[in-house]
Amino acid sequence: MENTTQSGRPLNLKPEKKGSTRRWISAIQLLFVLICTAAASGCMSSRMNSVPDELDTSTSLLSENGLFKVTYSIPDEPIPINTMQSWILHVETPDGLPVENAQINVDGDMPQHGHGLPTRPQVTEYLGNGDYKVEGLKFHMQGWWIVEFDITAQDKSDHVTFNLVLTQ
Amino acid sequence: MSLKKFKSRTSLLLIAGVMLFILLGAMGWIITSSPWMPDVSWDETEMAMLNSLWIGSLPPLPHDPSNQVADDPRAAALGHKLFFDSRFSRNGQVSCSTCHLAEELFQDGKPLSEGIGRTNRRAMSIIGTAYSPWFFWDGRKDSQWAQALGPLENPVEHGGNRLMYAHLVSSYYKEEYQELFGELPDLSGYPEHAGPVENETARLAWESMTPDQQKVVTGIYANMGKAIAAYERLIMPGPSRFDFYVEALGRKDFRAARQQLTPEEIGGLRLFTGKANCVQCHNGPLFTDNHFHNTGVPAVSELPPDLGRSSGARQVLADEFNCLSPYSDSDPQECSEIMFLIFEGEDLIRQFKPPSLRNVAERAPYMHAGQFDSLERVLEHYNQAPAAPLGHSELKPLELKAEELEQLIAFLHALSGPLDVSQNWLMSPYSTSSQ
């Protein structure tokens, strides 16, 4: 900006003149900063319900004791609120072998609200190849939800918890 | 240039600079955050939230698999007549429109509704309820048609019985009925009154009928409900100033947006979606999650204890007209709401359904027994979050200032708008005789 100003002026420009131009520029720059700050504070004046930073929202996780690798897949992205949906849950051993005919219980809640899911979702069908159909899932609010699965296969049980953040 | 001259020139420039600084700063403040200029600055996340509440986000009317005539205009026409026909009551003076007045947003403005006698609950509006999986404050019905049948046999509402109604259909609506549902069974050998109701004569007559006869009568009764539901499905909310504001923001027409809402209303909108947490339950384009919540609403001392969803969930499971019943047209796999219903647990105690907030300012009193006569009192309740009379309230004190409460109320007024339904559906198909 300074170069442009200088190039647009005669070469014999007096130093004091240059100084006042600089002051003008500084004042305008400062002004812009202030206006932008005011605008930004206006934008941020509303407070959305905060979700913990760095929440792990992976759709594929190792269960707590490392017995199963569990992955869910959903029909709609992003997950809509107030809509009944079914998921496919894939369960395999850590080395990638599908876990057949497991007993799976589903639960979930909103940690920040102290209430559970609005429905009682269940695994309704084993689809083969370690895939299970989970039906009856519904989320009635925006925000942070957890969905938990208790998985038992061949007398071994483990637990996995997925975090979901619903925005709309 | 002399040093003196230089200094005075510099001072002049500095003063001018400071003045310009103040002027531009004030302009910036006015544009971005002054209380006199409507705010249109929403970030991407906030815009997504606003869009989720916008009426334009309302999906097409969901199919109702439990009602095969739900979208048949002939059923809506029959339902329209039944809705306004006060012959369908014990005293000939109560119709659905007695408590769901079309000119009053399909509610009656009373704390407790009055049919034959006085009920224990406030009448809910039927506007936009075709989107809801549950009906009544406690969700004891799971379809619009099953809901419509409840008051007809309730002793303090219409006070009649299903056989009486079947005879009335046969006398006045036979042709229209048969066009939709096939031949109307011959009821000539049946008694005049019978039904599983409180009235002893009608109940004893009902008990003396064979199961097949009962099924015939109940089938006609269920079909009546399906016709009424076909009509009620058409009663939809229209856009409010809030919707025009969001729509203008979507077009980036900020000038048009500023003409829709005042700074106070926008302040209320920011609280609604933020600090006041209203949007937690009043979400989506109908401003309801259609679920159930205990918000610590006070009990009415002269009424029997109301357990809300705790009893409603059990009732819908046992309801003879639920989605899984023989009178429903659904396949069982289409009944996911009731299949995955939570029907027990402490959480359900005194949970009630949040009604849509569209037109909320036009329909006091509020809550399931009209406990609060103004929005001011409603917000005072949410702000203080008192303990629930039974069960556990989900609320936490909001600590909103008086000014913020006023902003919220201003915003709620911006949710009013005309119904999106053709005028003829809002008029009684009868003259004064059936009102």
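How do α5(B) and α9(B) lie to each other, roughly parallel or roughly perpendicular? Please also place this pair in its chain.

Mentor: This is a predicted model, in which local features need pLDDT of at least 70 and side-chain atom pairs count only at pLDDT 80 or more, while totals for chains, interfaces and linings use all residues. Residues are numbered from 1 along each chain as its sequence is written, and chains are lettered from A and ligands numbered from 1 in the order in which they are written.

Now the pair. Helix α5 of chain B covers residues 144-153 and helix α9 of chain B covers residues 211-232. Helices here are DSSP runs of H or I with at least four residues, strands are runs of E with at least two, and both are numbered from the N terminus. The axes of α5(B) and α9(B) are 7 Å apart, and the helices pack at an angle of about 115°. Such axes are lines fitted to C-alpha atoms, for helices over the stretch in contact, and the angles run from 0 to 180 degrees between N-to-C directions. α5(B) and α9(B) are therefore roughly perpendicular. The word has cut-offs: under 35 degrees is roughly parallel, over 145 roughly antiparallel, 65 to 115 roughly perpendicular, and the rest oblique.

The crossing of α5(B) and α9(B) also has a hand, and it is right-handed. A crossing has that hand if the near helix is turned clockwise from the far one by less than a right angle, and is left-handed if the turn is anticlockwise.

Next, the residues that meet. From α5(B) they are B:Gln144, B:Trp145, B:Ala146, B:Ala148 and B:Leu149, and from α9(B) they are B:Tyr221, B:Gly225, B:Lys226, B:Ile228, B:Ala229 and B:Glu232. By class, this contact holds 7 nonpolar, 2 polar and 2 charged residues. Contact means that the C-beta atoms of two residues, placed from the backbone, lie within 7 Å. Ala, Val, Leu, Ile, Met, Phe, Trp, Tyr, Cys and Pro count as nonpolar, Asp, Glu, Lys and Arg as charged, and the others, Gly among them, as polar. On spacing along a helix, an α-helix has 3.6 residues a turn, so residues three or four places apart point the same way.

α9(B) has another partner, helix α3 of chain B, residues 73-84. The axes of α3(B) and α9(B) come within 7 Å and cross at roughly 100°. That makes α3(B) roughly perpendicular to α9(B). α3(B) brings B:Ala75, B:Ala76, B:Leu78, B:Gly79, B:His80, B:Leu82 and B:Phe83 to the contact, while the residues from α9(B) include B:Met224, B:Ala227 and B:Tyr231. The contact of α3(B) with α9(B) has 11 nonpolar, 2 polar and 2 charged residues. B:Lys226, B:Ile228, B:Ala229 and B:Glu232 of α9(B) take part in the contact with α3(B), and they also meet α5(B).

B:Gly160 is buried, with 27 other C-beta atoms within 10 Å. A residue is buried if 20 or more other C-beta atoms lie within 10 Å of its own, exposed if 12 or fewer, and partly exposed in between. Leaving aside neighbours within four places in sequence, B:Gly160 is in contact with B:Phe88, B:Ser89, B:Arg90, B:Leu152, B:Glu153 and B:Tyr165.

Now the wider setting. An assignment, automatic or from a database, gives chain B a domain 1 (37-60 + 238-308 + 349-413) and a domain 2 (73-235). The C-alpha centres of the two domains of chain B lie 32 Å apart. Their contact takes 19 residues from domain 1 and 20 residues from domain 2. On the side of domain 1 there are 8 nonpolar, 6 polar and 5 charged residues.

Chain B as a whole has 16 helices and 0 strands. Its C-alpha trace spans about 120 × 45 × 45 Å along the principal axes. Of its 435 residues, 43% count as buried. Among contacts in chain B between residues at least 6 apart in sequence, 73% join residues at least 24 apart. Chain A, for its part, comes to 2 helices and 9 strands, and 21% of its 168 residues count as buried.
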